[in-house]
Amino acid sequence: MAHFLSNTTVQYVCACGILNPLTKLFFCRHCLALRCDFCLCHEVDSHFCYNCVENIPSSEAKLKKYKCSSCFDCPSCQHTLSARATTVTVPRKADEEPAAGDSKAAAAITRKMYYLACLACRWTSRDVGIPDQTVATGSWPECEYSHATRFALLMEHFQAVVLRDKQERQDYLRRKTPKQHKYPNLTDRTGLTVSMIRRQMGWSDKTPPKAKPIEVNPSEATDEVDQLPDSIFTEPVNLRELTTIKQRLSQPAGQPVTVKHLFPQHKSLSIKRSLRCRQCEHNVIKPEYNPSSIKYRIQLFAAHHVPDIRIVKLPDNLQGGVQVKLQLKFSNPTIHEMTVAIKELPSSDEETALIEEMKKAVVSSTPSSLNVSLSRQVSLTEEPRFVDQRVTAKIELPEESFVLPHRDDSAEFDEDLQLPREDPKFVIWRRANKACIELSMEPQDNLAPGSETIIGFTVQYSYVNTVQVPEKKDPQTHTLNSRVYIKCGTISGK
């Protein structure tokens with residue numbers, strides 16, 4: 001997060017070995033490790049439409065094919081369509097009596113009608129011949145596709161196949177699961193206890209029948225292809241009447257060729273998802289259930305727990321083998337005081353040992369086969385790997401550590417009065433919870449002009465974990481390590 005638009009200059013190493021900027025990382029307070037998108041399990045909490053802000057249950061959203069029934073997208077530019085009102089004169093029906101003294105309007109009356117219009121490209125539902133509706137949220141007619149019945153049969157067939165495979169898998173696990181007791185009693189062996197429990201719960205004693213897929217006629221290839229009409233070769237092509245690739249792909253069922261066959265499409269639903277650590281199964285991100293709320297119940301972003309590093313000053317000309325100065329700014333985002341030390345990166349042997357230790361921790365945290373069928377599905381953990389980044393410059397690491405004060409939001413409005421602090425020589429200045437340090441950097445001699453200069457080091461910092469532990473009531477202080485790689489520019493050709 002060195003720059004506002006280019007945040008890939010300073011990258012942190014995740015627990016699985018993938019490089020990411022601090023803004024794309026998360027922090028697990030139970031594992032005390034950085035997590036990326038691959039280290040987390042993504043779960044859908046709720047479905048909603050961001051246009052009408054309607055929360056839709058998961059079962060209902062599945063029946064509606066994850067589409068909103070009242071909101072539509074423009075088939076021309078994919079913007080949201082709006083219902084526009086207009087007055088239309090229609091003939092009066094025979095059962096409607098005119099008002100007293102209104103002889104001129106006896107034959108016709110004025111009604112309010114609605115049609116769909118796009119405020120971006122001026123497309124309307126009248127362009128494709130859709131009749132106006134008497135209600136703004138009326139049932140707009142949908143386009144019928146020729147292969148809709150075929151796809152419905154295929155979907156029903158494969159749903160039955162998936163259900164049958166699931167039943168066979170559950171039966172297999174039930175037979176292979178070892179018994180908890182060595183000598184089961186008679187009622188458990190004969191199934192009488194299970195029958196009594198099912199009756200008390202109001203369930204039938206009969207086992208559900210296995211799903212049987214319906215027979216679907218397979219598709220057959222044919223050599224007979226319709227020939228192109230003669231109008232393609234004789235009449236000029238009007239590009240205004242042809243649809244673009246984006247317009248065709250927005251309607252994959254029909255894929256209209258001309259613009260007169262573009263029909264409004266139901267707006268796709270959005271989701272609110274929660275992120276769960278794959279190793280300890282604790283939530284890292286948990287949003288609010290209300291679709292109009294942007295707050296979180298749980299938000300463990302890495303930027304709120306790990307010291308933020310930014311580049312303050314870089315040397316103008318980088319030459320191979322020439323020592324230069326580099327200034328970095330460290331920020332403490334926590335409400336506790338943090339002690340920071342800069343160490344060397346682990347060697348290849350140390351990194352191998354670290355990866356093996358992480359693999360053993362993942363195996364030990366995997367639940368046993370007895371509880372797999374009773375609990376929810378176990379998420380797959382990301383396998384640790386070596387960091388795919390090469391350091392091309394050497395830095396002189398400071399031997400001493402320095403302290404970062406806690407974050408205080410009210411300090412920006414107060415007078416800048418800080419207590420004197422004995423800092424090491426490499427600390428240039430301090431301001432609130434920030435400190436700027438100066439390091440010496442020397443690029444390698446064999447770097448060609450235009451090569452990227454990359455430095456790397458391990459940041460060792462103290463972290464106060466506020467998660468309550470049953471054995472200890474006070475917050476625990478831990479010493480954590482994070483590997484950081486910084487791009488310092490390219491080698492000058494001069």
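Modeller: A residue is called buried when its relative accessible area is under 20%, exposed when it is over 50%, and partly exposed in between. Please keep in mind that this is a predicted model.

Biologist: Are Phe27 and Tyr463 buried or exposed?

Modeller: These two rings form an aromatic pair, edge-to-face, with 5.0 Å from centre to centre and 65 degrees between the planes. The pair links distant parts of the chain, since Phe27 belongs to strand 3 and Tyr463 to strand 21, 436 residues apart. By the cut-off of under 20% relative accessible area, Phe27 and Tyr463 are both buried.

Biologist: Why does the pair of Phe330 and Phe402 count as edge-to-face?

Modeller: Phe330 lies in strand 15 and Phe402 in strand 18, so the pair ties together parts of the chain that are 72 residues apart in sequence. Planes over 60 degrees apart count as edge-to-face. The ring centres of Phe330 and Phe402 are 5.5 Å apart, and the pair is edge-to-face because the planes stand at 80 degrees.

Biologist: How many residues apart are Asp73 and Lys267, whose side chains meet in a salt bridge?

Modeller: The N to O distance between Asp73 and Lys267 is 2.4 Å, which falls within the 4 Å that defines a salt bridge. Asp73, at 17% relative accessibility, counts as buried, and Lys267 is likewise buried, at 2%. Asp73 is in strand 7 (residues 67-73) and Lys267 in strand 10 (residues 265-268), so that the pair links distant parts of the chain, 194 residues apart.

Biologist: Over the face of which residue does Arg126 lie?

Modeller: Arg126 is partly exposed, with a relative accessible area of 41%, and its side chain meets that of Asp132 in a salt bridge of 3.0 Å, N to O. Arg126 also lies over the face of an aromatic ring, at 4.1 Å from the ring centre, and the residue that carries this ring is Tyr115.

Note on methods:
Residues numbered from 1 in each chain as written. Predicted model: local features only at pLDDT ≥ 70, side-chain atom pairs only at ≥ 80, totals over all residues. Heavy atoms only, no water. Helix = DSSP H or I, 4+ residues; strand = E, 2+ residues; numbered from the N terminus. Buried < 20%, exposed > 50% of the residue type's maximum accessible area, 1.4 Å probe, protein only. Phe/Tyr/Trp six-rings, centres within 6.5 Å; stacked < 30°, edge-to-face > 60°. Lys NZ or Arg CZ within 6 Å of the ring centre and 35° of its normal.
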